Amino acid sequence: MNMIIKAIELAVPIVGVLVNAIIACFAFKAFSQSKKARRYASFETVFAQMLAIQRSFFDHKHIEETKIKGMKESIHFSFQSVSYDIRIEKEHPITLSFAEYYMEFVKMKPDTEFSVDNLKKIWGNFVDELVYEEYFNNCFKYIYNVINLIVQNKELSDEEKRAYVERVQALLNKNEMFCYFLNLISFYSIQGMTESKYIKTLKKYKFFDDLFRSYQFSDIIKKSIPNDVINAFWEKGSVQK
């Protein structure tokens, strides 16, 4: 009996140490989770603010109508030694005006697949004619900043990053998405597109998938844009011409 009592007396301090250690572990875990929750809440606040700013760019009066330099009603463009004048509707948002401009140009050159250099010229020729050219370009720079804010956050899981990227995409209509697509093309060569970490991120999270499948743009993208370009942005980019 004395031996049992002595063993219990020896065990009590050890059990106490183990209990304290377990309590400390739970306390640390709770603290860590609380700290992560605070960081997550802080990120969500910043992200929501940035989304609001992103939307405000496209909803700004400088974007909601298309003002051409010199108060012109059309944009002049020379392509393969042929000159074209494409009428622009002033009351249309710039993003819609570019979509109409591009579609009209494709109609004038049916069954033509444009090279990357030609796509850059088509985009650049339109943007250069805008009164608010710089403001229009800033719309797309801001999208870049929001996407990078998401992917560089080490606290987010891959699925959480995907969900946040989808929220960015959801705020863009198809005309805005198409403009962003051409805007990105204007900065890269084919090789540059395939090597760009940013474009790989957009492809991974299927940023342009809805655009490429859309009724409004799917056919015109397939007909006029090289497969190599589509493949750089879209996992299922190989299309039947």
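Colleague: How many helices and strands are there in the protein?
Modeller: This is a predicted model, in which local features need pLDDT of at least 70, side-chain atom pairs count only at pLDDT 80 or more, and totals for chains, interfaces and linings use all residues. Residues are numbered from 1 along each chain as its sequence is written, and side-chain values use heavy atoms, without hydrogens and water. With helices (H or I, at least four residues) and strands (E, at least two) taken as DSSP runs numbered from the N terminus, the protein has two strands and 12 helices.

Colleague: What percentage of the residues is buried?
Modeller: A residue is buried under 20% relative accessible area, exposed over 50% and partly exposed in between (1.4 Å probe, protein chains only). The protein has 241 residues, and the buried share of them is 41%.

Colleague: What share of the contacts with a separation of 6 or more joins residues 24 or more positions apart?
Modeller: Contact requires heavy atoms within 4.5 Å. Among the protein's contacts with a separation of 6 or more, the share from residues 24 or more positions apart is 71%.

Colleague: Is L51 buried or exposed?
Modeller: L51 belongs to helix α1, which covers residues 2-58. Leaving aside residues up to four places away in sequence, L51 touches V146, R167, V168 and L171. L51 and V146 are 95 residues apart in sequence, with their C-alpha atoms 7.6 Å apart in space. Because its relative accessibility is 10%, L51 counts as buried.

Colleague: What is the relative accessible area of Y101?
Modeller: Y101 lies in helix α3. When residues up to four places away in sequence are not counted, Y101 touches I75, F77, I86, I88, I122, N125 and F126. The C-alpha atom of Y101 is 9.6 Å from that of S74, 27 residues away along the chain. Y101 is buried, and its relative accessible area is 0%.

Colleague: How are α3 and α7 oriented to each other?
Modeller: Axes are lines fitted to C-alpha atoms, for helices over the stretch in contact, with angles from 0 to 180 degrees between N-to-C directions. The axes of α3 (residues 94-108) and α7 come within 8 Å and cross at roughly 70°. Angles under 35 degrees count as roughly parallel, over 145 as roughly antiparallel, 65 to 115 as roughly perpendicular and the rest as oblique. The two helices, α3 and α7, are therefore roughly perpendicular.

Colleague: Which residues of α7 meet α3?
Modeller: On the α3 side, the residues are T95, L96, F98, A99 and Y102. Their partners in α7 are N175, E176, F178, C179 and L182.

Colleague: How far apart are the axes of α4 and α7?
Modeller: Helix α4 spans residues 116-128 and helix α7 spans residues 174-185; they pack at about 120°, with their axes 9 Å apart. That angle makes α4 oblique to α7. V116, L119, K120 and W123 of α4 make the contact with C179, L182, N183 and I185 of α7. To repeat the spacing asked for, the axes of α4 and α7 lie apart by 9 Å.

Colleague: Which residues does F207 touch?
Modeller: Residues up to four places away in sequence are not counted here. The partners of F207 are then I143, I147, V165, V168, Q169, L172, M177, Y180 and L202.
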